[in-house]
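Visitor: Hi, could you walk me through this one? I'm new to it.
Guide: Happy to, let's look together.

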Amino acid sequence: MPDVPVGSARITPAARPPLERSSRRVRERVLGELGRRILSGIYPQQLALPTELQFCAEFGVSRTAIREATKMLAAKGLVVARKRAGTIVQESSLWNRLDPDVLSWMDATAPDPEFVRGLIEARLAIEPAAADLAAQRASASDLAKVEAGYLAMRAADLGDLAACAKADVAFHVSILHASHNPVFAGLAGLIGQALANSFRLTTSVSRNYSLTLDAHGEVLEAIRLRQPEQARARMRALIDIASNDLVNATARADTE
């Protein structure tokens with residue numbers, strides 16, 4: 001067996017000591033549970049979390065695990081440590097909503113209309129421009145991916161919200177990549193996750209899903225025909241449907 005130079009060996013995740021893997025799982029379990037509780041309002045904004053000792057007793061973990069989890073929550077903007085006041089839940093306006101962990105925790109909580117509204121405003125700023133660029137720059141492979149997303153939307157069972165959401169996200173993400181703008185492409189993953197979360201609130205109350213499908217098809221056609229201005233306008237019209245759905249969802253929630 002050949003000698004392995006000193007310092008050349010790398011420890012892969014699978015090769016990590018059992019204690020290290022166990023410690024990481026404990027931290028992630030505590031972190032995820034605390035994150036979901038904050039997002040769902042179990043721990044109200046601007047109030048202190050339970051003490052470290054209370055968490056240790058509840059989760060059966062060390063104070064070190066609790067401290068590591070709260071530090072990670074702080075890095076995501078969810079909490080802040082204050083002397084003599086403890087760990088305080090931050091106002092939601094300070095939360096990093098596009099953090100991958102935060103987005104995944106949001107899947108386990110009720111959709112937040114304020115966040116969905118903010119997402120729609122961001123999409124109106126980004127996606128029409130991306131569609132414009134895609135109409136100018138998309139390759140044959142790019143167009144095939146956009147079309148695949150659209151066809152998946154048409155084929156999805158309208159009673160299967162998860163399948164509809166997956167296809168819809170694929171359509172929009174493929175257009176961001178087809179823009180060949182590195183910033184838009186870099187946002188694709190985060191916007192895709194955010195879209196999947198907001199989809200539960202907006203599309204689930206759509207009164208005319210066929211209208212939504214037709215609007216997606218019109219965007220695809222404008223990109224395929226190399227019509228940048230049309231692609232921009234049709235993408236904006238498509239996102240306006242989601243905006244109207246949000247208004248309907250909010251109105252329905254107010255009457256329930």
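Visitor: Where does Ser92 lie?
Guide: Ser92 is in the loop between strand S2 (86-89) and helix H4 (100-106). Helices (H or I, at least four residues) and strands (E, at least two) are DSSP runs, numbered from the N terminus. This is a predicted model, in which local features need pLDDT of at least 70, side-chain atom pairs count only at pLDDT 80 or more, and totals for chains, interfaces and linings use all residues. Residues are numbered from 1 along each chain as its sequence is written, and side-chain values use heavy atoms, with hydrogens and water left out.

Visitor: Is Ser92 buried or exposed?
Guide: Ser92 counts as buried, at 15% relative accessibility. Buried means under 20% relative accessible area, exposed over 50%, and partly exposed in between (1.4 Å probe, protein chains only).

Visitor: What is Ser92 in contact with, leaving aside neighbours within four places in sequence?
Guide: Gln45 and Arg97 are in contact with Ser92 on those terms. Contact means heavy atoms within 4.5 Å.

Visitor: New topic: which helix is Glu52 found in?
Guide: Glu52 belongs to helix H2. Glu52 is partly exposed, its relative accessible area being 24%.

Visitor: At what angle do H2 and H3 pack?
Guide: Helix H2 (residues 52-59) and helix H3 (residues 63-75) pack at about 110°, and their axes are 9 Å apart. That makes H2 roughly perpendicular to H3. Axes are lines fitted to C-alpha atoms, for helices over the stretch in contact, and angles run from 0 to 180 degrees between N-to-C directions. Angles under 35 degrees count as roughly parallel, over 145 as roughly antiparallel, 65 to 115 as roughly perpendicular and the rest as oblique.

Visitor: Which residues of H2 and H3 meet?
Guide: From H2, Glu52, Leu53, Phe55, Cys56 and Phe59 meet Arg63, Ile66 and Arg67 of H3.

Visitor: Last one: how do H6 and H7 cross?
Guide: Helix H6 (residues 140-155) and helix H7 (residues 161-178) cross at roughly 165°, with axes that come within 7 Å. That makes H6 roughly antiparallel to H7.
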